[in-house]
Amino acid sequence: MSDSAPSASQLAPKQVAVLGATGSIGQSTLDVLAHLGDRFTAHSLTGHTKLERLARLAQQVRPRFVVATSPELAAAQDWSDLPAGTELRVGRQALLESVTALDVDIVLAAIVGRAGLESTLAAIDAGKRVALANKETLVVAGPLVMERAAESGAELIPVDSEHSAIFQAMQAGRRAELERVVLTASGGPFRHHTPDQLRQVTVEEALRHPTWEMGKKITVDSATMMNKALEIIEARWLFDLSPDQIDVVIHPTSVIHSFVEFTDGSVMAQLSPPDMRLPIQYALTYPERLPSPAARFDWSKGGTFELEPADPDRFPALELGTQVARRGGTAGAVLNAANEAAVTRFLAGSLHFHQIVPACRSVLTHHTFDAHPTLEDLIRLDQWARQEIQTWK
Ligand code: NAD
Ligand code: MG
């Protein structure tokens with residue numbers, strides 16, 4: 001035996017709790033873990049619906065725990081084929097235990113929507129590295145989340161491709177030298193639609209994103225551009241930026257994932273073909289870079305990088321994002337809940353596509369603003385905003 005430092009393969013594998021394993025980010029995460037081999041291992045996989053899929057993933061991945069967060073759905077699922085060594089756990093408490101377990105190193109937070117808030121906060125309070133896909137947590141409770149991360153020493157590493165790009169590009173200068181960030185947006189499938197055409201948009205059309213394959217909620221958010229509004233708010237809290245330092249530019253092919261501009265006018269960007277496995281892997285391995293399964297450029301083919309200004313009249317959601325990033329307080333929780341409820345109604349056929357953003361604006365305007373809410377205040381307002389959307393016509 002030599003006395004040199006242990007090689008990477010001799011180190012204990014990092015244990016990852018994959019929250020939302022049955023979703024789109026969950027699947028990409030499991031691809032990355034399979035690719036990374038024995039340096040990382042899945043401690044637990046969680047899922048809410050699609051439990052057949054969760055049971056199948058457990059057979060492939062053989063985690064220590066599989067967590068079904070809905071007791072009703074868990075009771076209806078046949079778990080008899082779980083591999084030996086994988087234990088089934090059920091319910092909300094089981095989810096929280098899987099993020100706070102002492103042997104968990106990294107929590108990949110990929111539950112969609114406000115449903116991910118409690119487990120993401122628990123991971124932060126437990127001082128874990130949190131690979132954060134669940135942007136809604138920062139939209140709902142950004143200041144509180146960042147404060148609690150500072151207290152516990154948790155590392156928040158973005159998975160959202162734009163924020164991962166900013167996180168990477170920021171490393172080219174000092175924080176005080178950063179002047180502004182520019183988030184890129186694909187513009188979604190309806191970027192050339194007239195107002196009349198927008199009135200006719202069907203669920204099927206809204207679910208067909210030109211560059212990314214994602215869960216339903218974020219796909220609709222990308223079509224309304226609410227996703228970019230949420231990302232403005234996410235960037236504001238995650239990087240402690242003033243809303244005036246955050247711009248958006250339309251970039252239809254989603255290759256440049258965002259820009260950071262420094263005081264000397266230098267602009268740094270991160271580029272790669274659209275593939276979430278790259279930002280996911282970086283959040284797991286940071287500060288290291290390892291070979292990745294993500295797609296690569298074929299430089300021999302050349303290409304162009306198309307950029308267009310983001311027209312505020314065409315994309316009214318953007319203005320809502322900036323407004324909410326400026327106001328802080330309860331505004332993020334209300335916008336997020338209104339949007340979640342409006343998207344659910346759109347998918348169920350009881351709200352038109354073009355009504356989603358106006359409905360959110362209306363609920364936001366009518367709520368009783370509080371600049372310094374507690375977590376309980378935010379959760380109460382979340383429920384209020386959802387009810388408001390139910391009755392919105
Ligand atoms: P998805 O709908 O494909 O998956 C969502 C996951 O959350 C599933 O595993 C589901 O079982 C779980 N879940 C849903 N409701 C739950 C509840 N009440 N309790 C516990 N678990 C619940 O969504 P996705 O596209 O993978 O997105 C996940 C998160 O990542 C979202 O916050 C999204 O904004 C963010 N994100 C996704 C992408 C992408 O490419 N898909 C990119 C950037 C950010
Ligand atoms: Mg994004």
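Student: Which residues does Leu108 touch, not counting residues up to four places away in sequence?

Tutor: First, note that this is a predicted model. Leaving out those sequence neighbours, Leu108 touches Val16, Ala17, Val18, Leu19, Ile25, Thr29, Ala131, Val159, Ile280 and Leu284.

Student: Which residues touch the most other members of the largest nonpolar core?

Tutor: Leu108 is one of them, along with Trp79, Val159, Met226, Leu284 and Leu335. The core has 122 residues. Its largest share, 10 residues, comes from helix 14, which spans residues 331–348. At least three core residues come from each of domain 1 (11–158) and domain 2 (163–328).

Student: How many residues of domain 1 are in contact with domain 2?

Tutor: A domain pair can be read from its contacts and from its centres. Here 28 residues of domain 1 are in contact with 30 residues of domain 2. The C-alpha centres of the two domains lie 25 Å apart.

Student: Next, a helix. How many residues of helix 5 are buried?

Tutor: Begin with the general idea: an α-helix has 3.6 residues a turn, so residues three or four places apart point the same way. Helix 5, residues 117–125, is mostly covered, with 7 of its 9 residues buried. The buried ones are Leu117, Ser119, Thr120, Leu121, Ala122, Ala123 and Ile124. Just after the helix, Gly127 has a positive phi of about 75°.

Student: Is Glu340 buried or exposed?

Tutor: Relative accessibility decides this, and the cut-off for buried is under 20%. Glu340 counts as buried because its relative accessibility is 12%. Glu340 is placed in helix 14. Beyond its neighbours within four places in sequence, Glu340 is in contact with Gly113, Arg114, Glu136, Lys217 and Arg386.

Student: What is the distance from a backbone N or O atom of Gly20 to an oxygen atom of ligand 1?

Tutor: That distance is 3.3 Å. For Gly23, a backbone N or O atom also lies 3.3 Å from an oxygen atom of the ligand. A polar backbone atom of Ala133 is 3.4 Å from a ligand oxygen. As for cover, ligand 1 on its own has 830 Å² of accessible area, and the protein covers 87% of it.

Definitions and conventions. Residues numbered from 1 in each chain as written. Chains lettered and ligands numbered in written order. Predicted model: local features only at pLDDT ≥ 70, side-chain atom pairs only at ≥ 80, totals over all residues. Heavy atoms only, no water. Core = buried A, V, L, I, M, F, W, Y, C linked by side-chain atoms within 4.5 Å. Buried < 20%, exposed > 50% of the residue type's maximum accessible area, 1.4 Å probe, protein only. Helix = DSSP H or I, 4+ residues; strand = E, 2+ residues; numbered from the N terminus. Domains from an automatic or database assignment. Contact = heavy atoms within 4.5 Å. Polar contact = N/O pair within 3.5 Å; in protein donor to acceptor, adjacent residues only side chain to side chain. Areas by Shrake-Rupley, 256 points an atom, 1.4 Å probe, with all protein chains shown as cover.
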